[in-house]
Amino acid sequence: MINLKFSILIFLLSLTGYTQNQNFEYKITDNFFPERKELKGEIIEWGTLEVPEDWNNINGKKVELAVAKIRSLNQKFKKDPIIFIQGGPGGSSLNSIGRWLVHPLRQQSDIILIDLRGTGFSKPSLCPNLGNSFLEILAKNQSKEQDEKDKISAALECKSDLIQRGINLSA
């Protein structure tokens, strides 16, 4: 009975491993911020993680998540890595890389920053100018009703653009 359970467990683990290997690919890339001087000399691995746009259709279109792995300052007594994903919606984790260079957690852990789908350096970019459009609307100093109408119009333009680009909105 134990051998049967063990065999089933090994089978399930092998399927899980196979499935995972088929669902994503990690690639090392160039520095996302080549112009930022404070990053020179830092041990940072830049990459992209390619995953299915829709996990219910793992063989369909893929999206790329931008990743930065900042090495711990203390490799000898290193603990588990810290993964940071920016809240939002719409925020970029990688854009906050400067504060992570001096963060106390870096003393004992690698810091892994990931830009969520459609944000920051991840691809495809989803409505990157929508936030600015909303700020421009609010800066007009018009009635609340007109603000809402203009924001709805901007959001619908964004939605239309996403549909035209073939982006699965339900994913």
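Two strands pair if DSSP finds at least two bridges between them. Helices (H or I, at least four residues) and strands (E, at least two) are DSSP runs, numbered from the N terminus. This is a predicted model: local features need pLDDT of at least 70, side-chain atom pairs count only at pLDDT 80 or more, and totals for chains, interfaces and linings use all residues. Residues are numbered from 1 along each chain as its sequence is written, and side-chain values use heavy atoms, with hydrogens and water left out.

The protein has four helices and five strands. Along the sequence, their order is α-β-β-β-β-α-β-α-α. Strand E2 (44–52) and strand E3 (residues 62–70) run antiparallel, joined by nine bridges. Pro52 has Lys62 in E3 as its bridge partner. E3 also pairs with strand E5 (residues 111–114), again in the antiparallel sense, over four bridges. There, Ile70 stands opposite Ile111 in E5. In a regular strand the side chains alternate between the two faces of the sheet.

Now turn to the rings. Rings of Phe, Tyr and Trp (its six-membered ring) pair if their centres lie within 6.5 Å; planes under 30 degrees apart count as stacked, over 60 as edge-to-face and the rest as tilted. The whole structure holds five aromatic pairs. In one of them, the ring centres of Phe32 and Trp46 are 5.7 Å apart and the planes stand at 80°, so this pair is edge-to-face. Phe32 sits in the loop between strand E1 (25–28) and E2, while Trp46 belongs to E2. The two residues are 14 residues apart, and their pair links distant parts of the chain.

Are Phe32 and Trp46 buried or exposed? Both are buried, where buried means under 20% relative accessible area, exposed over 50%, and partly exposed in between (1.4 Å probe, protein chains only). Across the protein, buried residues make up 27% of the 171 residues.

Ring pairs join Phe32, Phe33, Trp46 and Phe121 into a cluster.

Next comes the second largest pocket. By class, the lining has seven nonpolar, two polar and two charged residues. Here Ala, Val, Leu, Ile, Met, Phe, Trp, Tyr, Cys and Pro count as nonpolar, Asp, Glu, Lys and Arg as charged, and the others, Gly among them, as polar. The peptide bond from Lys123 to Pro124 is cis, with omega near 0°, and Pro124 lies in the loop between E5 and helix H3 (130–139). Cys127 lies in that loop too. Its phi is near 50°, a positive value in a residue other than glycine. Cys127 counts as buried because its relative accessibility is 16%. Asn141 also has a positive phi, of about 55°, but counts as exposed at 73% relative accessibility.
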